[in-house]
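Please keep the sequence and the structure in view while reading.

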Amino acid sequence: MELLIGGKLKQLRTEKKLSIAELSRLSDVSTGLISQIERDLVVPSVTSLWRLAQALDTNINYFFHEEPKEDQLIIRKGEHRTIVMHNDSSYYKLLHPNKDDRAMDMMVITLKSGYTYDKKPIGHEGEECGYVLKGTLTVHLNGKDYVLEEGDSIYFDSSLPHKYINNSEEDCISIWAMTPKFF
């Protein structure tokens, strides 16, 4: 999925009658980054996108929305929506159907060696549960680092500040469930 969200961001910002400076203040995302996102010059981190969505009183899924397929129960191999972010350093394969009324997200996340999904930890409403399929993942949670190896899992309250880091030499592949829906 090519991530061109600039037009959607600008449209929603102008509909809400917000300047870039006002949106920056509400979201804690810099004015320069917002301007670059709106012009599709950069792909924002998941955290930046989440902060913008919250400030604009919407869900992050707004930026990726496609018309849902009626009564989709099964998503066949090769048909999953995949979101590539952070200059190809992370991939989010969405395992859930694109239904507005779903309560949770389920995804496979690939985080390339040496990357994190954002510099600052975030906290948000909900819960998360992750399982490492391959590699090593460090979960920085509420000021403490938890290192998960292949076969390890973690479950936590998402309101605690957290971020994911891959300090290893290989890509990390993990599967996640989270509520409320994020994508």
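## Salt bridges

Arg-13 has a relative accessibility of 9% and therefore counts as buried (buried means under 20% relative accessible area, exposed over 50% and partly exposed in between, for a 1.4 Å probe and protein chains only). The model is a predicted one, in which local features need pLDDT of at least 70 and side-chain atom pairs count only at pLDDT 80 or more, while totals for chains, interfaces and linings use all residues. Residues are numbered from 1 along each chain as its sequence is written, and side-chain values use heavy atoms, with hydrogens and water left out.

Which residue does the side chain of Arg-13 meet in a salt bridge? The partner is Glu-38, with 2.6 Å from N to O (a salt bridge is a side-chain nitrogen of Lys or Arg within 4 Å of a carboxyl oxygen of Asp or Glu). Because Glu-38 lies in helix α3 (residues 31-38) and Arg-13 in helix α1 (residues 6-15), the pair ties together parts that are 25 residues apart in sequence (helices, H or I with at least four residues, and strands, E with at least two, are DSSP runs numbered from the N terminus). Glu-38 is buried as well, at a relative accessible area of 11%.

This bridge is one of four salt bridges in the structure. Another joins Asp-28 to Lys-120, whose closest N and O atoms are 3.1 Å apart. Asp-28 belongs to the loop between α2 (20-27) and α3, and Lys-120 to the loop between β3 (105-111) and β4 (127-134), so this pair connects parts that lie 92 residues apart in sequence. Asp-28 counts as exposed, with a relative accessibility of 51%, whereas Lys-120, at 42%, counts as partly exposed. A further salt bridge brings together the side chains of Asp-105 and Arg-102, at 2.6 Å from N to O; both Asp-105 and Arg-102 are buried.

Ser-27 is part of helix α2, and a polar atom of its side chain lies 3.2 Å from the backbone nitrogen of Val-29. Apart from neighbours within four places in sequence, Ser-27 is in contact with Ile-34, Arg-51, Leu-52 and Ala-55 (contact means heavy atoms within 4.5 Å).

Val-108 sits in strand β3. Again leaving aside neighbours within four places in sequence, its contacts include Tyr-91, Tyr-92, Lys-93 and Leu-95, together with Ile-173, Ser-174 and Ile-175. The C-alpha atoms of Val-108 and Pro-161, which are 53 residues apart along the chain, are separated by 21 Å.

## Aromatic pairs and nonpolar core

A pair of aromatic rings is described by the distance of the centres and the angle of the planes. The structure holds two such pairs (rings of Phe, Tyr and Trp, for Trp the six-membered ring, pair if their centres lie within 6.5 Å, and planes under 30 degrees apart count as stacked, over 60 as edge-to-face and the rest as tilted). Phe-156 and Trp-176 form an edge-to-face pair, with 6.4 Å from centre to centre and 75 degrees between the planes. This pair links distant parts of the chain, as Phe-156 is in strand β7 (residues 153-157) and Trp-176 in strand β9 (residues 172-179), 20 residues apart. Tyr-164 and Trp-176 make a tilted pair, at 4.8 Å centre to centre and 55 degrees between the planes. Since Tyr-164 lies in strand β8 (residues 162-165) and Trp-176 in strand β9, that pair ties together parts 12 residues apart in sequence. Both Tyr-164 and Trp-176 are buried, and ring pairs link Phe-156, Tyr-164 and Trp-176 into a cluster.

The largest nonpolar core has 37 residues, and Tyr-92 and Phe-183 have the most contacts inside it (such a core is a set of buried Ala, Val, Leu, Ile, Met, Phe, Trp, Tyr and Cys residues joined through side-chain atoms within 4.5 Å). Helix α4 (residues 46-55) contributes the most to this core, with five residues.

## Cysteines and accessibility

The structure contains zero disulfides (a disulfide is a pair of cysteine sulfur atoms within 2.5 Å).

The table gives accessibility for some of the residues discussed.

| Residue | Relative accessible area | Class |
|---|---|---|
| Ser-27 | 4% | buried |
| Val-108 | 17% | buried |
| Cys-129 | 32% | partly exposed |
| Phe-156 | 4% | buried |
| Cys-172 | 1% | buried |
| Trp-176 | 3% | buried |

Notes. A polar contact is a pair of N or O atoms within 3.5 Å; within protein, one must be able to donate a hydrogen and the other to accept it, and residues adjacent in sequence count only if both atoms are side-chain atoms.
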